[in-house]
Amino acid sequence: MIRRVEFDEGLNELKQLLVEMGGRVEKAIEASMRALQAIDGDGARKVVAEDPELNRLEERIVELGTRLIATQQPVAKDLRRILVAFRISNDLERMGDLAVDIAKAVLRLEGRELIKPLVDLPKMAELVQTMTRESIRSFLQENVDLAYKMARDDDAVDAIYSSVLQELFALQPASARDSSQAMLLSFVGRYLERIADHATNIGESVVYLVTNKRPDLNL
C-alpha cells in the first residue's frame, strides 16, 4: 500500500510538471506571435531567454520518471503512464523550440515594417495554443476523444498554412527585403504547423496510453 501511495505521489508530480511545461509552451507561442505582430524585439528576446526553463523541466520529468521505474517497478498501464510522460515532455520541449524560432524570426525583422497585416498566422497561433492546452488535458483525463480531436485541429492548421503560403507567393515584393520578409513569414507558418504536429503526437501518445495500441492520428 505504501508503495502505491509513493507511486501515485510521483505520478502526480510528473503530471504537474507536464502542466507547467504545457503552460509555458502556450505562453511562448502567444508571446512570440504578439512580438511578430508588433515587430517587438524585446518581447522576442524574452521568449528566447525563457526557453532554457523548458529544458530543465523536461530533465526533471525524465529524472523523476526514471526514479519511479527503478524504485517502484511499475507494469502495464502504470509503466505506460511514465513512458508517455517522457514522450510528451519531449514534444513540448520541441514545441517550445519552435516558438523560439518564431521569436528569432522577429529579431531578423526588427526595425522593419510588415509587408502586410497578419491575419492567418495569428489564427494559426490561436489554434495551436488551444491544441497545446487540450493535448495536456487529454493526458490528464486520459480522454481519447479529446486526443483524436488533435488530428482534426491539425487538419485545420494545415489548411490555414496552405492559405498563408498561397497568399505570400502571390505577393509581388517591392524589393529584395520584402521578398526575404515573405520568406520569413512562410517559415513562421511552418513553425506553427510543426507545433500542431507535435500536439498531434501527444494525442497519439494518449491513445497509446489508454488502449495500448499505437495509432496514427494523421491517417
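The legends below describe an overall view and several close-up views of a predicted model.

**Figure 1. Overall fold of the predicted protein.** The protein contains 6 helices and 0 strands, where helices (H or I, at least four residues) and strands (E, at least two) are DSSP runs numbered from the N terminus. In sequence order the pattern is α-α-α-α-α-α. The C-alpha trace spans about 70 × 35 × 20 Å along its principal axes. Among contacts with a separation of 6 or more, 85% join residues 24 or more positions apart; a contact means heavy atoms within 4.5 Å.

Figure 2. Of the 219 residues, 50% count as buried. Buried means under 20% relative accessible area, exposed over 50%, and partly exposed in between, using a 1.4 Å probe and protein chains only. The accessible surface comes to about 10,800 Å², and 50% of this surface belongs to carbon and sulfur atoms. Areas come from the Shrake-Rupley method with a 1.4 Å probe, and for residues only the protein chains shown count as cover. There are 30 positive and 37 negative side chains, with the centres of the two sets 2 Å apart. Lys and Arg count as positive and Asp and Glu as negative, while His and the chain ends are not counted. Each charge is placed at NZ of Lys, CZ of Arg, CG of Asp or CD of Glu.

Figure 3. Glu134 belongs to helix H4, which covers residues 120-141. With a relative accessible area of 13%, Glu134 is buried. Leaving aside residues up to four places away in sequence, Glu134 touches Leu146, Lys149, Met150 and Asp153.

Figure 4. Phi of Ile39 is near 45 degrees, a positive value in a residue other than glycine. Ile39 is buried, at a relative accessible area of 15%.

Figure 5. Although Gln73 is not a glycine, its phi is positive, at about 50 degrees. The relative accessible area of Gln73 is 58%, so this residue is exposed.

**Notes to all figures.** Residues are numbered from 1 along each chain as its sequence is written, and side-chain values use heavy atoms, with hydrogens and water left out. In this predicted model local features need pLDDT of at least 70 and side-chain atom pairs count only at pLDDT 80 or more, whereas totals for chains, interfaces and linings use all residues.
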